[in-house]
Amino acid sequence: MGNAVKLKVNGEIHDVDAEPDTPLLWALRDLVGLTGTKFGCGVALCGACTVHVDGLPRRSCVTPISAVGEAEVLTIEGVGKTPVGKAVQDAWLKVEVVQCGYCQAGQIMQATALLTADPAPDDAAIDRAMTGNICRCGTYPRIRAAIHAAAKQRVA
Amino acid sequence: MTKPSHLALCAAVLVTAASATWSATAPAPGDPARPLRSVASFGTIRDQAERSAAIFAEAGKVIQSPRCLNCHPATRTPTQGDAMRPHVPFMVSSDGNHGPKGLPCATCHGADNSRTFAAGIASVPGNAHWQLAPIEMAWQGLTLPQICEQLKDPKRNGSRSLAQIVTHMNTDHLVGWAWEPGEGRSKAPGTQAGFGALIEAWVKTGAHCPRA
């Protein structure tokens, strides 16, 4: 058996029983029951598991819950309640970014992190920040367009 | 603890290409084949300047190891692995030393090394101060004598005195990571204490640099 741990996810406290080295992704999906965050590579190479921890992007597959502590975790299930996350999700729908959709939770979380840090990124800034999020369907041009659209929506 | 197994197939597709390229290198814990010579072993060199330069050359085995050079790039892009291949994902430091806006190093590199549960890469390295060295402290592409001169130059060593360089090499936690790099990664030669002793002896003997 593991230890009793409190995780604050999307504003709610969840009691989970897990070893300290359990990846946050495992805890979110298997113990908290939030399955929107996806397992992609397990080694922080693909970005599918991206969540926010205290407002910053983190690859949850390589983040042990011991490193999370009392920090606020934000997942794809909760990001739409933030102004930037809402703008990103609206833009994603408007541009019809998604193809198979598997990587898109991570893409949206990463795009939200980018626009939080840089409200009006140019193409180069988008490429730099999104480089760690892989999409097998090749939706990169639509992802870039949607990020620009979300940035404009935020300004308007 | 269980993996989200119903996703394993998708995961395998995503990771296969990457893991084939980034197979873990066999770790070399406390590699006895790569010890550092002790300071005392240089006592036979009677000329102090020559002894100082020889001591620095020994310390250079650490300074020029991949564990150090990977994050002292001449470009603003780190390298990784013992082969010092370009970092994946492609990272640039932008206007700071912590990654571009929206993708800080800490996105993947936590406060400690993190073991993984996937094949191919045993751990993701981490440290609370994980970052690139500033551009003025770039080591890649320099010879050891050039690095030596750089280390003595406050304009290119973080405004440190030689005494502060000794303390930095001896006690800095990120420097110490080179000997605790996580599973799947070779360690820097010797130990941090042995390396620190060499740097201290180098300074005490006049901080002379090896000849080019």
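Chain B has 7 helices and 4 strands, where helices (H or I, at least four residues) and strands (E, at least two) are DSSP runs numbered from the N terminus. From the N terminus on, the order of these elements is α-α-α-β-β-β-β-α-α-α-α. The structure is a predicted model: local features need pLDDT of at least 70, side-chain atom pairs count only at pLDDT 80 or more, and totals for chains, interfaces and linings use all residues. Residues are numbered from 1 along each chain as its sequence is written, and chains are lettered from A and ligands numbered from 1 in the order in which they are written.

Chain B has 212 residues, of which 35% count as buried. A residue is buried if 20 or more other C-beta atoms lie within 10 Å of its own, exposed if 12 or fewer, and partly exposed in between, with C-beta atoms placed from the backbone. Among the contacts in chain B with a separation of 6 or more, 63% join residues 24 or more positions apart. Two residues are in contact if their C-beta atoms, placed from the backbone, lie within 7 Å.

**Helix pairs**

Two packed helices are described by the angle between their axes and the distance between the axes. Axes are lines fitted to C-alpha atoms, for helices over the stretch in contact, and angles run from 0 to 180 degrees between N-to-C directions.

| Helix pair | Axes come within | Crossing angle |
|---|---|---|
| α2(A) (residues 83-95) and α3(A) (residues 104-117) | 9 Å | roughly 125° |
| α2(B) (residues 48-63) and α7(B) (residues 192-204) | 9 Å | roughly 150° |

The angle makes α2(B) roughly antiparallel to α7(B). Angles under 35 degrees count as roughly parallel, over 145 as roughly antiparallel, 65 to 115 as roughly perpendicular and the rest as oblique. The crossing of α2(B) and α7(B) is left-handed, that is, the near helix is turned anticlockwise from the far one by less than a right angle, whereas clockwise is right-handed. From α2(B), residues including Ile55(B), Phe56(B) and Val62(B) take part in the contact, and α7(B) contributes residues including Phe195(B), Leu198(B) and Trp202(B). By class, this contact of α2(B) with α7(B) has 9 nonpolar, 1 polar and 1 charged residues. Ala, Val, Leu, Ile, Met, Phe, Trp, Tyr, Cys and Pro count as nonpolar, Asp, Glu, Lys and Arg as charged, and the others, Gly among them, as polar.

In chain A, α2(A) and α3(A) are oblique to each other, and their crossing is right-handed. Val88(A) and Trp92(A) are among the α2(A) residues in the contact, and Ile108(A) and Leu115(A) are among those of α3(A). The residues of this contact divide into 6 nonpolar, 4 polar and no charged.

**Domains of chain A**

Chain A is assigned domain 1 (3-74) and domain 2 (80-155); the bounds come from an automatic or database domain assignment. The C-alpha centres of the two domains of chain A lie 21 Å apart. Between them, 14 residues of domain 1 are in contact with 11 residues of domain 2. On the domain 1 side, β3(A) gives the most, with 3 residues.

**Ser60(A)**

Ser60(A) lies in the loop between β4 (56-59) and β5 (72-74) of chain A. Ser60(A) is buried because 30 other C-beta atoms lie within 10 Å. Beyond its neighbours within four places in sequence, the contacts of Ser60(A) include Pro23(A), Leu28(A) and Val51(A).

**Interface of the chains**

Between the chains, 37 residues of chain A are in contact with 32 residues of chain B. On the side of chain A, β4(A) gives the most, with 4 residues.
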